[in-house]
Amino acid sequence: MRHELADRRAYLDEACRDQPELRAEVESLLEADRRAGGFLEPPVSAEGEADPLIGATIGRYVIQRVLAVGGMGAVYEALQEEPRRMVALKVIRPGLASRSALQRFKHESEILGRLRHPGIAQVYEAGTHGGAHGAPYFAMEFIPGAEPITRYAEQRRLSTRQRLDLFRKVCEAVEAGHQRGVIHRDLKPANILVDEQGRPKLIDFGVARATDADLTIATLQTDVGQLVGTLRYMSPEQCDGDAIDLDTRSDVYALGVVLFELLTGELPYNFSTASPFDVPRVIREQEPRRMSAVNRALRGDLETIVLKALEKDRWQRYQSASELMRDIERYLRHEPIEAKRGRRWYVLCKTLRRHRTAVAVVASFVVLITSAAVGLAVLYRDSDVQRVTAERRAEELRQAVYLNDITLAQRAYEVGSGAELLRRLANCPADLRGWEWHYLNRLADVSLMAMRRHGAAIDGLAVSPDGRLIASGSRDYTLRLWDSANGLPMRVFCSDGYVEQISFTPDGRLLAYAGRESNVARVVEVATREELAGYTLPSNCGVAFSPDGQLIAAGGFGHEPLRVWDAGTGDLVREWAGTRRSRPMPIAWSPDSRLIATAWNDGTVVLLEVDSGDVVRSFAGHTADARRVAFSPDGLILASSSFDNKLRLWQIDTGELLQVLGQEGDLLNGIAFSPDGARVAAGCDSAVRVWDVETGVPENVRLGHGAFVGAVAFTPDGRRIVSAGQDGTVRVWDARPLAEPAVLAAAAHECTAVAVSADGGVVAVGDKSGRVQVIEVATGEPLADVRPHERGVWALAYSHAGRRLVTGGSDGMMCIWDDLRDAAAVTARVERTTFRCAVWTPEDDRVITGHSDGVVRVWEACSGELVQEFRACRGEVRSVCVTADGQRLLTAGNDEKVCVWDLRDGRCVTELVTGTDELQVAAFSPDEAMVATGGKDGRVCLWELRSGELRWALPGHAGFVMGLAFMPDGRRLVTCGYHQLVRLWDVEKGESTLTLRGHAAGVRGLAIAPDGSWFLTVSLDKTARLWTTRPVRWSGAAGVEDLFDPFVQSLAGVDDGHNREAPEDDGDLEGAVAGQDLGRPLDAAMLDEQGEAEDGVDD
Amino acid sequence: MSVAEPADVTSLLIRASAGDSRAADELLPRVYGQLRALAGELMLRERSDHTLEPTALVHEAYLKLVDQSRARWEDRAHFFSVAAQALRRVLVDHARGRMRAKRGGGRARLQVDEGLIAAYEQSVDLLALHEALGRLADEDEQRARVVELRFFGGLTIEEVAAVLGVSVRTVERQWRYARAWLYRELVDTPL
């Protein structure tokens, strides 16, 4: 039908030759088509100038013309008077939204208003037009001459590279939104406009959410136009319709579809053959087609990138828009792309499932591109390729992927990204998880307990003045009280809106709460749960009793007034009118109850004086809206967090900026000072961070929350930090600075030797001064601290049964102790030599020592009698090990040899020449089939004992390898050395699985727990540090400040860190009864209420 | 007029889009009834000379009748498709009723549908269109569906494409053909 008239006739002549009836029919239809005009066009699309809103004023906007019309409303070009500019005004059809929906709409649009990025069309304002049931509208940045990205690229005939460059900027803008916690939810070409200067602009960012249907609200999203337009760009998880479960990776998927369309002009799925309503099913189940099927030129890396973005399983996708962007940039720079690794591995897995035997060829090239598998490639060259099965290779590749995830998990921990850490750990197949996984898994959650009852994000948090109650307020419209000692739920109060601020009176008797959507603050009596009728105060956000309890402030500023009442009489004491320059936020009182701090849109923080009503000081410095403020307990310092990702500390009397805290890219939120004012804590993305106020030095990050941390608080005794976040959990943390690795012992001198008792209960640490400390691992408590030697202690070993200890040192003395606190049971002396190392025979009847004179000596343990001695090496004997049968002895020393001796006759039965000068350490594998060695050259070597063959040798340490031990399961080897690092090795594969940093100087030795769950390292930095997969319940060197609550302690024994949750009861009990089971008496007044509390919710 | 429990329609919808044909059969009369009721409510709320837009009606119906926490995307698409069909019946029945009323059997209830029907009758005789659509469906079922969704349901071309699971270009083609065909049938009947 696109032929012109003459062409058409010719065409018809040809096409309908000898079929005059057909020809007549076609011509008749063509004629009808020409004359049909607007016939049957649906009424809704037949508007235009007739729109009654043209010329009308909505809010501050005069509507000029229609830009677009959809089922639920229209978008107009409108003129704003002040500032004078054109805006795009999206007006939603009136009468379709409930009142609560409109309130929610306002709240969400406020978030959107803060989303500022050159690549995102800004939402200036949102409001409603015409009464309570009026039409919600958005005023948005108007982009003249804007066109959807796909059309823009087509019309200008952009090259693939130009298109990619455009798309790269789109990813950047999407990432910027994600950084602010907003998911677009509706990315499609129609929402990705390109302006006249060729700059992409995202529109409707998060609008789908602001008008979302998850509260059964009339929304844009239920607009069929939106539904349909979106449908094709919808991620598989969106097709599942689980709105709550959406995350930023849904946007990544949509970006993948847009990229496919931008490059090919087509969509990745062929919907034309699908039956009606099948679109979501197709998206969920069908593999996307390849771009190269549309355009051969698009095969290769670009195709890989798109396929990775389009993965059905979001864990397989790019995890963020910026990851996608970086790969596109790599492609543009002709660098290898990231997607390749995972993707090919994935392809391989799929192929493997189908053709188990034919996979060898694929596997061999995959090996080459898997960075961690380079060693394997060498292995293949040397061995008979035909004999290695495909499965075996796949297994080795699986391992390579695992190691990569571990590396990335460790990096995530180092930058404090808890969510990423959890993602990486979850990626690891259960059967491959080794010590390194369990170690990182512990670091992923170091909270003492987590309370999970809220069904939505938590914004409000308070600890009662007596420290016994934690109050949390959520967007699920409830306020909950928890027992701070054990995390048991105590009370629920229902609100009619978000609960964003909670405040106790100083006596803890009353509790006030308020939040958006409800419009009132309420005050309740904690013990009786009765609401105090006279205290229903207007508030759009915050409420707070003054610290002296005399006043109560409510409102949040912003557009609403902020008011202060006398808490006793209820008289209004002060009122500040609302202003557009300020944002609603929780109220912060100065400790002297004189001042209230507020945050302003331009980033300034303003102090208002209640008595005078004056602005007494303002602090300018933040480059974006301030979010939260807090006064230090002494009232001298003000802390403020802002959307500029910085935490600023101000001197209140001078206005001087004291500190700027926070690392790049971390979104900061709630702030709390420690009761002593020395430290300040803040929610920092999904982490809780704490800084020293004086120096600004950050402490180790606390991870555990699965999402953004909204609020933090200290308990009044300063022993705990409480936090709450968007993951809906309240978490309690030990407030003491988190030492990782924990320092189990500190000495005045360099630590030289370490031993673990056979039961794993205690460790002994020796130092260069001759001092030996024995410490209980569970508590960190020192059991004994003596100085039996005059010079350095080098030999240290526990007996196999009991806790007998042998010590030996540079003073030529050896002591055997039943208990270090008593006198030595046995002593022996060898003049002019140093006891370098010691080991007990399996029966504990003898002790074997290695000496600086190259001699091995065997002692009767009960008498100290020397029963055997022989020269084992040319230099010093540095290391001795005995086989389980007690018949053979392994020695390593300053010559390059490792020898195995028959203890019965002192004959050398095996000799390995290692090629390493000055061997320091050697150990049998648990099965005694292999020996690991380390020494001066820093290499870690594994030898087959029977054949003497070198299994693998890897550069492990930059200096001497000083310590080395196998994990009890034989899968991992731990080494340490003079360049501060501690490393783990996969014994089987000969690969490093983890590198640990923590010591500030060379690491002299290590000892592993009998169950392999932890190990201890001793260092020249004068500390002994504990590396553990179990929760550490103490901190500080050799100092046990307090033992933990018996409740927590009993949980600490559970081996998986993620079992440390507060107990969940059966759901209909609000936990108070469960509290009795634990034998914790509850407040009598509260017990009285239990009968009523059983339904768990107060109406 | 009372509105049925939303859950009813929702359950039917979910079952229908999962392929339960009994549920699909039950769904149409249910939606039909609800649309009529809603149209009445809306008309009473609005000015008497108001022209009710079918799109708004269908959307409102969706919001009121379907429990959105349970409905999935494909259920929505299914709903709009059923609603367009139901709306067609509402209008046709109304037009028929009015014919009868003109012949002397007037009923008050018709009043409420007037506003609704006005939106459609600007361009076409509804009864004639209904019959012509039946003939078009004999020739090509899908083209008739396109008209139904587009004209009665007020869906855009893109929306129709998504509901039917075909490409936009296909819908454009079918719409153009159907429109010409109907125009010839209804307006331009050759002598």
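Visitor: Hi! What should I know before I start?
Guide: This is a predicted model, where local features need pLDDT of at least 70, side-chain atom pairs count only at pLDDT 80 or more, and totals for chains, interfaces and linings use all residues. Residues are numbered from 1 along each chain as its sequence is written, while chains are lettered from A and ligands numbered from 1 in the order in which they are written.

Visitor: Great. What is the strand order in the sheet with S31 of chain A?
Guide: The order is S31-S32-S33-S34 in an open, antiparallel sheet of four strands. Strands here are DSSP runs (E, at least two residues), as helices are (H or I, at least four), numbered from the N terminus; two strands pair if DSSP finds at least two bridges between them.

Visitor: And why do S31 and S34 of chain A each have a side without a neighbour?
Guide: Strand S31 (668-673) and strand S34 (702-703) of chain A are at the edges, each with a single partner strand, so one side of each has no neighbour in the sheet.

Visitor: How many bridges link S32 and S33 of chain A?
Guide: Six bridges, in the antiparallel sense, between residues 679-684 and 687-692. A:Gly683 sits opposite A:Val688 in S33(A).
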